[in-house]
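Let's walk through this structure together, one neighbourhood at a time. Keep the 3D view open and turn it as you read.

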Amino acid sequence: MNLKQKQDIVEELVKKNHLPIEVGPIHSAALDKHYRNKVIVAFAKHKGRVYAGQYAPHSHRVIKDGGKSLQPKIINDIIDTITELVQSMKIYLYNEQTGTGVLRHVLIRWGHATNEVMVVFVTGTNMFPSRKNMVHALRNKHPEIKTILQEVNGRKTSVVMENKPMVLYGKGTIDDILCGKRITIPATAFYQIHSQQCEVLYGLAKEKLQLTGKETVLDTYCGLGTIGLSLADSCKSVMGVEINKEAIHYAKINARQNHIKNMQFVDMDATAFMMEAKRYHHPYDVIVLDPPRAGTTQQFIYASTSLAPKKILYISCDPRTLVRDLKQFRRAGYVTDRLDLVDMFPRTEHVETVVLMSRVEGK
């Protein structure tokens, strides 16, 4: 899908929902191929030969080499090596119907600024024949691989990773540089898949907020703390809230290793935290939210607007849930007249959105 089609879809969505909002021109990506810093591949066999790729839409049929044009060469090369090793080591592929076999998926993360790579083998059982040989072979051929892990997932589920993986080699994390900050990334935490466009997005968010150095900022759904880290030098303090305990652990590490002392973190559900903040009348000047694709909750909107912040910044990866939530914010007295788009996912139908809302006087 091209940029005009993405913009047209969002403009039509805004119009259909009767929102008086201008949709700004999309911020295109300088790198529109080979940009993904996180890839999950599945495996299948054809005529006895193992191959890797992405699932076809709405199915578990593996498309050979699916997604290769969006993945950097280093990831494609490692996938090819793993596929060859799975074939030569005769590692059984997992069968979802029977619940037998070993290898289900491989997850690869790549630091675009550091060139560090993480490989996670997702297996259906603790047993992983040839595990030591696999680790040794990968390390020898690809020195960029800094850590290798194994996640055991024997459940019938579409969720690839549900547990904390065990480390087979390295420290279990990789580092990257984002907006000038060193970010330590574990296997399970959210990290935007297009690092260069993420910097564009965060720069746009910071520009919209126009912080003066005096504001208290609440960064909800904060993940590894990347948004708060990018704002910390321009405000009085940042409180990051995230339900993923491992992400919060590394968010604290990220703040510490970047010598940022005006950030705190809480491992808590964002809505539950917001309800508590309302209950105890704990105000913030600025509230930032970057929720999952499903958007935020009515309770979050009710509680956040009840605190009467000066500004609410909403980042979303799904314009449909964003528009739904903007209507709720509008009813609660918070409006925006502009919606900006960032092409975070070139050559797909997805687009990232960001809006700044302020309070209508008298509401």
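Cysteine 222 is buried in this predicted model: its relative accessible area is 6%, and anything under 20% counts as buried. You will find cysteine 222 in the loop that runs between strand S11 (216–220) and helix H5 (226–231). Leaving aside residues up to four places away in sequence, cysteine 222 touches Gly240, Val241, Glu242, Ile248 and Phe265.

Another loop residue worth a visit is asparagine 37. Is asparagine 37 buried or exposed? With a relative accessible area of 1%, asparagine 37 is buried, because the cut-off is under 20%. Asparagine 37 sits in the loop between strand S1 (22–23) and strand S2 (38–46). Which residues does asparagine 37 touch, not counting residues up to four places away in sequence? They are Ile75, Ile108, Arg109, Trp110, Tyr191, Gln192, Ile193, His194 and Ser195. With serine 195 there is also a polar contact of 2.9 Å, made between the two side chains.

Now turn to a hairpin. Strand S9 (residues 174–178) and S10 run antiparallel and are joined by 5 bridges. The hairpin has 2 residues between its strands, and here cysteine 179 takes a positive phi near 50°. Strand S10 (residues 181–185) is largely enclosed by the rest of the structure, because 4 of its 5 residues are buried.

S15 is mostly covered, with 5 of its 6 residues buried. Its pairing with strand S14 (residues 286–289) is in the parallel sense and extends over 4 bridges. In that pairing, leucine 289 has tyrosine 314 of S15 as its bridge partner.

Tyrosine 314 also leads us to the aromatic rings. How many aromatic pairs does a search of the whole structure find? The search finds 3. One of them is formed by tyrosine 314 and phenylalanine 329, in an edge-to-face arrangement with 6.2 Å from centre to centre and 75° between the planes. This pair links distant parts of the chain, with tyrosine 314 in strand S15 (residues 311–316) and phenylalanine 329 in helix H9 (residues 319–331), 15 residues apart. Both tyrosine 314 and phenylalanine 329 are buried.

Two packed helices are described by the angle between their axes and the distance between the axes. The axes of helix H8 (residues 298–306) and H9 cross at roughly 35° and come within 10 Å. The crossing of H8 past H9 is right-handed. On the H8 side the contact is made by Gln298, Ile301, Ser304 and Thr305, and on the H9 side by Asp325, Gln328 and Phe329.

Finally, look at helix H2 (residues 73–88) and helix H3 (residues 131–141), which pack at an angle of about 145° with their axes 11 Å apart. H2 passes H3 in a crossing that is right-handed. Here Thr81, Ile82, Glu84, Leu85 and Val86 of H2 meet Met134, Ala137, Leu138 and Lys141 of H3.

Definitions and conventions
Residues numbered from 1 in each chain as written. Predicted model: local features only at pLDDT ≥ 70, side-chain atom pairs only at ≥ 80, totals over all residues. Heavy atoms only, no water. Phe/Tyr/Trp six-rings, centres within 6.5 Å; stacked < 30°, edge-to-face > 60°. Buried < 20%, exposed > 50% of the residue type's maximum accessible area, 1.4 Å probe, protein only. Pairing = 2+ DSSP bridges. Polar contact = N/O pair within 3.5 Å; in protein donor to acceptor, adjacent residues only side chain to side chain. Contact = heavy atoms within 4.5 Å. Axes fitted to C-alpha atoms, helices over the stretch in contact; angles between N-to-C directions. Left-handed = near helix turned anticlockwise from the far one by under 90°.
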